[in-house]
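Please consider the sequence and the three-dimensional structure shown here, and follow the account below with both at hand.

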Amino acid sequence: MKAVLYIHGRGGSPGEAEHYKALFPGCFVTGLDYQSATPWDAGKEIKEAVMKLKKQYGGITLIANSIGAFFALHSGADSLTDKAYFISPVIDMEKLILGMMLQAGVTEDELKEKGTVITKSGEILSWDYLTYVRENPVNWSGPAEILYGSGDNLTDIETVKAFANKINAKLTVMEGGEHWFHTQEQMAFLDKWIINNQDKEKTKMNEIIKAMEERRSIRKFRPDMPAKEQIDEILNAGLYAANGRGMQAAIAIAVTNKEQRDKLADINRRIGGWAEGFDPFYGAPVIIIVLADKSCPTYIYDGSLMMGNLMLAAHSLGLGSIWIHRAKEEFEMPEYKAMLKELGIEGEWEGIGHCALGFIDGDMPAAAGRKDGRIYRID
Ligand SMILES: Cc1cc2nc3c(=O)[nH]c(=O)nc-3n(C[C@H](O)[C@H](O)[C@H](O)COP(=O)(O)O)c2cc1C
């Protein structure tokens, strides 16, 4: 499951994140209640929030608005996020501060000497802030999209264009839009901007990798039987798994007979130590048993890869599946050894797993966050 972190602008609130839930279905969407008002501290808060989410979720998308975008651009969280959506980002803060100073009649020397000056309109002018923005120009190195209203009174079009160019972001301009996207028309434009971008991301993604990331173990199946053609297609995909020395040491037995399926479920339940009434196959009408030839040195790996192919093929055909264990114990039982003989399967076979298969009853579960630190590199 992926997470979306929303950074609000001035006068906004983390609750605005609610709006984005419908635009990112299946994602955890949350708003950051940041407390700081300086780019160095708010940036730190943003980076910490991203790091925390990264521990629990499979990827992070950042949506940041106005001054929230300005803070995000100082957070250094670019390497941790998959994608950033900047809405009316404040880019040239130096120009804004100098403008406020001019309006308030405060000179640079005066600000430097006093440190902070509160203007009549209540704005706090700070020498540290001005120095910081001069020394730390905004930057972002990850994939980013920028939305800008042509009527933005805080940032001019040339500044936003140059910045988009610099960070390699795609700039979308809403003609007649304002700095604050808030009218029905502006919000519809914003929503469409996000949806279009998401569609593009999805179509860009390789279908196989997408299936690998989206497949989940299903624990509630409908009782109706998938079509024989679908089951055959899945079985066939299993036959094409990589296998040690090309020995093709794994075989599959597809059980669709309800009586046999229920009997197997009961034996599996007893091996697992569950009470009567529990179905370890979660109601799946098809059980594909994978076994592997013990005389082949790589038989466990071969059988496991066949299981992987079966589950991915099922997912790509819109069916649910799950690996159910304890096939080894089942096929150590004389009854099931005899069953193999009856099917004309000779030799020594080990049960590797069951691929329980069927239509998903309910929603596809979300993936758990990926554990950190599982990839090492030797460059
Ligand atoms: C070798 C193996 C044995 C498994 N055995 C069972 C099982 O007996 N019962 C079950 O409910 N899930 C079983 N699973 C499913 C895992 O619990 C599941 O793959 C894991 O929680 C990750 O979830 P995901 O498949 O949705 O990514 C098994 C998975 C593997 C790889």
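The model is a predicted one. Strands of a sheet pair through backbone hydrogen bonds, either parallel or antiparallel. Here, six strands are arranged in the order 2-1-3-4-7-8, giving an open sheet with parallel pairing. Strand 2 (28–31) and strand 8 (170–174) are the edge strands, each of them pairing on one side only. From one strand to the next, the twist averages 15°.

Strand 3 covers residues 60–65 and pairs in the parallel sense with strand 4 (residues 83–87) over five bridges. Strand 1 and strand 3 likewise pair in the parallel sense, over five bridges. Individual residues show how these pairings are set. Leu 62 of strand 3 has Leu 5 standing opposite, and Leu 62 also stands opposite Ala 84 in strand 4. For Ile 63, the bridge partner in strand 4 is Tyr 85.

Are the residues of strand 3 buried or exposed? Six of the six residues of strand 3 are buried, and the strand is described as mostly covered. The side chains divide between two directions: Ile 60, Leu 62 and Ala 64 point one way, whereas Thr 61, Ile 63 and Asn 65 point the other way, and all are buried. 

Helix 2 (residues 39–56) lies across strand 1 (3–7) and strand 3, and runs at about 165° to strand 1. Asp 41 has its place in this helix. Asp 41 counts as partly exposed because 14 C-beta neighbours lie inside 10 Å, a number between the limits of 12 or fewer for exposed and 20 or more for buried. Asp 41 and Phe 71 are 30 residues apart along the chain, and their C-alpha atoms are separated by 8.7 Å.

Four strands in the order 9-10-12-11 form an open sheet with antiparallel pairing. Strand 9 and strand 11 (320–324) each have a single partner strand, so one side of each is left without a neighbour in the sheet, and these two strands stand at the edges. On average, neighbouring strands of this sheet are turned by 25° against each other, direction ignored. Strand 11 and strand 12 (residues 349–358) pair in the antiparallel sense over five bridges, and Gly 320 stands opposite Gly 358 in strand 12. Helix 11 (residues 258–272) lies across strand 9, strand 10 (286–293) and strand 11, and its direction is at about 115° to strand 9.

Just after helix 12, Gly 318 takes a positive phi of about 85°.

Most residues other than glycine have a negative phi, and most peptide bonds are trans. Which loop holds Arg 245? Arg 245 is found in the loop between helix 10 (228–239) and strand 9 (250–255). The phi of Arg 245 is near 55°, a positive value in a residue other than glycine. Arg 245 is exposed because 10 other C-beta atoms lie within 10 Å, and 12 or fewer is the limit for that class. Gln 248 is also found in the loop between helix 10 and strand 9, and its phi, near 45°, is a positive value in a residue other than glycine. Gln 248 has 15 C-beta neighbours inside 10 Å and therefore counts as partly exposed.

Which residues are around the ligand? They are Arg 216, Ser 217, Arg 219, Ile 322, Trp 323, Ile 324, His 325 and Ala 367. By class, this shell divides into four nonpolar, two polar and two charged residues.

Terms used. Residues are numbered from 1 along each chain as its sequence is written. This is a predicted model: local features need pLDDT of at least 70, side-chain atom pairs count only at pLDDT 80 or more; totals for chains, interfaces and linings use all residues. Two strands pair if DSSP finds at least two bridges between them. Axes are lines fitted to C-alpha atoms, for helices over the stretch in contact, and angles run from 0 to 180 degrees between N-to-C directions. Two residues are in contact if their C-beta atoms, placed from the backbone, lie within 7 Å. A residue is near a molecule or strand if its C-beta atom, placed from the backbone, lies within 6 Å of it. Ala, Val, Leu, Ile, Met, Phe, Trp, Tyr, Cys and Pro count as nonpolar, Asp, Glu, Lys and Arg as charged, and the others, Gly among them, as polar.
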